[in-house]
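The entries follow in the order I made them.

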Amino acid sequence: MKKIILLLLLASPLFSVAQQTLTLEECYALANKNYPLAKQNELLQQKSNLDTEVLNKAKLPKIDLNAQATYQSDVTALPISLPNVTVNPPNKDQYRATLDFNQLLYNGGLIDASAKIKEVQTKTQQQQVEVSLYQLKTRINQLYFSTLLLQEHANLLLSKDEQLDSKIKEVKVGVKYGAILPASEKVLEAEKLKIKQQLTEIRFDKKRAVESLSTLTYSTINEKVIFIKPTTATDFNTENNRPELKLFDLQNEQINLSKNILSKNNLPKVNAFGQAGYGNPGLNMLDNSFQPFYVVGVKANWNVFDWNKTKTEQHALSISESIVSTEKETFELNTNLQIQEMANEIKKMEEVITTDAEIIELREYVVKSSDSQLKNGVITASEYLVELTNLFEAKTNEKLHQIQLALAKVNYQVVKGL
């Protein structure tokens, strides 16, 4: 008994795999997680942190160690001689080692502004990644709903096959008692073979679609998985929330920050500096011996005239801002056109579906009547099969229209950025 329970426990994962289901949202999540481009967000953030760290290091003191040894062809000498005074000229070979110190005191907030624009640049790049990942949704939708349609078509064929099995049993009884022609059974069996062919085609088509979906989502999807049809409510009054709109806003913010940096470039810059050294000669050029020395001070630099370079660069940025605005306007126009098309498609499919149920009801009545006629030998199996095929064609159309409606609603949400 324990062995049986153990075998059942070991087999349970197999049963769970056989009943595995997949939703459209899960496909989106797999793509966002596994698609190679998705890894860039974290890498871009790491790069931004390092770049900001480098920029902030400019606030720290700069310390340089320098050393030099020179020999010169001539040195400075006094052109006159003084009584009772001996002035030795400097040596032609001179040596110096210094430790130079430079500390930024003020640069108009240029470093902080540069760090801010680096942050926005990173957000812009990350948003571009989000846009690219979002665009995968349309491709996923096509593959997902193509597979879903194949799945529904296969289910209908299996239902038709079961109905034919039942009808073949009835026909065999009728043939046995001479009420139905023997060829009727062969007609129905031929139709079963045709269904088998169609199921084979569907199986391979679904396998190909699932493999494509697996590649797109960088995951392994079992071809036997059951695809769940999304149930999506459509709200025609929601605002556009596409990630591209946020990208345009970030691009404009980046341009405004660039203008701010240009204005800070012309502000005065103040540095404190110092130098400590040891050399021969030292600061006293007339002392031919190794001496320590130091120099400290403050230096200011202000570019008061740059030949309108800053003004020209700001004008170029204003043009870039206008370009972004036109791109955003064009995007919104095209998106609104897509929204109108999707809304019309939804309304069209909703109206088409309302008549599908009526058509199926009429076809079922005709099939029921044909069934009775076939049993009584009034019509042939071929005539009955025509009506049965018409019924399942109507049911197939209904499933097709339902999936087209679901796809239109999902595409509408994608276009709106919902």
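I took helices (H or I, at least four residues) and strands (E, at least two) as DSSP runs, numbered from the N terminus. The model is predicted, so I kept to its limits: local features need pLDDT of at least 70, side-chain atom pairs count only at pLDDT 80 or more, and totals for chains, interfaces and linings use all residues. Residues are numbered from 1 along each chain as its sequence is written, and side-chain values use heavy atoms, with hydrogens and water left out.

Entry on the cavity. I searched a 1 Å grid over the protein atoms alone for points where a 1.4 Å probe fits but cannot get out; lining residues have an atom within 4 Å of a point. I found one cavity of 30 Å³ or more. The largest cavity holds about 30 Å³ of space. I listed Tyr28, Ala31, Asn32, Leu133, Leu136, Lys137 and Ile140 as its lining. Helix H2 (24-34) and helix H4 (110-176) each give at least two residues to that lining, and H4 has the largest share, with four.

Entry on the patch. I looked for residues with over 30% relative accessible area and no salt bridge, with nonpolar side chains (Val, Leu, Ile, Met, Phe, Trp, Tyr) joined within 5 Å. Ile63, Leu65, Leu99 and Phe101 make a nonpolar surface patch, together about 410 Å² of accessible area. Strand S2 (62-71) and strand S3 (93-106) each supply at least two of the patch residues. I placed Phe101 in strand S3.

Technical notes
Patches are made of residues with over 30% relative accessible area and no salt bridge: like charges are joined within 9 Å, nonpolar side chains (Val, Leu, Ile, Met, Phe, Trp, Tyr) within 5 Å. Accessible areas come from the Shrake-Rupley method with a 1.4 Å probe; for residues, only the protein chains shown count as cover. A salt bridge is a side-chain nitrogen of Lys or Arg within 4 Å of a carboxyl oxygen of Asp or Glu. On a 1 Å grid over the protein atoms alone, a cavity is a set of points where a 1.4 Å probe fits but cannot get out, and a pocket is an open set with protein on both sides within 12 Å along at least five of seven lines; lining residues have an atom within 4 Å of a point. Grid points are joined across faces, edges and corners, and a volume is the space filled by probe spheres set on the points.
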